[in-house]
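Biologist: I would like to learn how to read ring contacts in a protein model. Can we work through one together?

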Amino acid sequence: MMTPTHRSSSARESGDRAGRVGRFGRTARALAVLVAALGLTAACGGGAADGQLGGATGGGQAAGAGQVYARIAALPADQQRATAIALAKQEGTLSLYTSMTQDVADAVSQKFTAQFGIPISVFRGNSETVLQRVVQEGQANRLGADAVETNFREMAIMDQTGLLTGYTGAALASVKETGRFPHWTATRFNVFLPAWNTNLIKPGEEPRSWEDLADPRYRGKITLEVSDSDWYENVTKWWLDHGKTQAQVDQLWAAIVANGKAAKGHTTMMELLGAGQTPLDAMNYSYITERAHNNGAPVSYRLADGSNPTPAFARPNGVGMLAGAKHPAAAWLFYDWMLTDGQRVLVDLHLTPSTEVPGDTSLKGLNLARFDVDTLTKDASSWDARYDAQLRGVVQVGR
């Protein structure tokens with residue numbers, strides 16, 4: 001059975017907007033203070049064996065978990081899950097810390113327990129709270145979590161501080177390259193793409209690149225979300241990496257902003273777009289657009305042929321297993337399940353999976369691009385400031 005969950009302050013966007021409380025920079029500074037205060041290293045790489053936090057979570061417990069993980073990993077791929085199931089049943093339970101919204105956490109927990117007979121105890125909060133709790137428990141040698149599923153930045157920090165251990169199961173091969181990281185793996189993506197009202201933006205008028213948003217034909221038609229500094233950073237980096245000069249990039253952004261107005265929240269933006277109050281979102285999450293379309297709104301993020309050549313940045317939420325887990329076999333099983341059977345659960349909730357799921361078309365025809373996790377983990381605050389400066393003076397709609 002599930003234990004009572006810790007409710008996050010917002011559950012409107014299951015892409016874990018709660019993990020972006022305030023701005024990316026404030027989040028990054030708060031996490032940096034937390035990590036520094038606990039005397040941890042945030043150097044890239046390394047795991048529990050490196051003597052970082054993951055290796056300090058109680059010597060016997062960490063060693064025991066390591067032995068279980070090693071035992072499973074040493075087996076042929078077709079024997080790993082069966083062994084993990086048997087060991088997990090002996091352990092008796094799984095403790096999951098997550099920033100999933102309530103509906104997602106409930107569905108995931110219920111399906112996992114129904115399939116394996118292993119109950120899940122769920123702690124649910126925003127991604128910062130999840131990270132803080134894991135780090136503090138690790139420092140106190142009292143890890144309560146076996147597995148964690150949350151936002152990319154918090155996953156990356158837990159990875160870098162040695163809290164997580166690697167998964168090498170066969171399911172890893174099914175995950176798109178954009179979703180694989182040293183000691184955690186994407187379970188779902190928030191895909192960044194323009195979205196438009198199909199009654200107001202006619203076929204042939206849709207943007208086919210991020211550069212197109214600078215076209216004067218979109219003057220007064222574009223809506224920009226006020227906290228999308230992660231999108232701003234990824235598009236900027238893409239342009240620079242593909243041959244544009246900084247001056248050209250600056251000119252493009254100036255033109256895009258001149259074409260636009262601002263709004264707060266991607267769900268609000270989609271409501272305005274679907275109602276015909278705005279013609280074009282510079283960027284919205286594809287699953288939000290798809291959900292609105294399925295509910296009858298005249299919106300799309302795809303061209304008439306179903307494709308979209310615009311580089312689609314896939315921001316990951318991911319799963320990890322704790323190096324010092326009390327229930328390591330259950331942690332391994334949950335990790336494996338989230339990349340296999342659990343993907344169907346996510347698709348049924350209209351989320352974008354990190355693997356190809358039969359019948360799911362959420363990534364079909366898209367030009368998927370790797371999301372810049374490294375920069376936004378290390379240097380989010382400067383991108384917040386730069387994006388804020390871009391939007392200074394822009395009229396806000398939908399208040």
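**Rings and charges**

Modeller: Start with Arg133: its charged end sits over the ring of Phe123, 4.1 Å from the ring centre. This is a predicted model, where local features need pLDDT of at least 70, side-chain atom pairs count only at pLDDT 80 or more, and totals for chains, interfaces and linings use all residues. Residues are numbered from 1 along each chain as its sequence is written, and side-chain values use heavy atoms, with hydrogens and water left out.

Biologist: How many aromatic pairs are found in the whole structure?

Modeller: Rings of Phe, Tyr and Trp (its six-membered ring) pair if their centres lie within 6.5 Å; planes under 30 degrees apart are stacked, over 60 edge-to-face, the rest tilted. The search finds 20 pairs. Take Phe112 and Phe334: their ring centres are 5.6 Å apart and their planes at 70°, so this pair is edge-to-face.

Biologist: Which parts does that pair tie together?

Modeller: Phe112 lies in helix α4 (residues 102-116) and Phe334 in helix α11 (residues 328-338), so the pair ties together parts 222 residues apart in sequence. Helices here are DSSP runs of H or I, at least four residues, numbered from the N terminus.

Biologist: Are Phe112 and Phe334 buried or exposed?

Modeller: Both are buried (under 20% relative accessible area, with a 1.4 Å probe and protein chains only; exposed is over 50%, partly exposed in between).

Definitions and conventions: Helices (H or I, at least four residues) and strands (E, at least two) are DSSP runs, numbered from the N terminus. A charge sits over a ring if NZ of Lys or CZ of Arg is within 6 Å of the ring centre and within 35 degrees of the ring normal.
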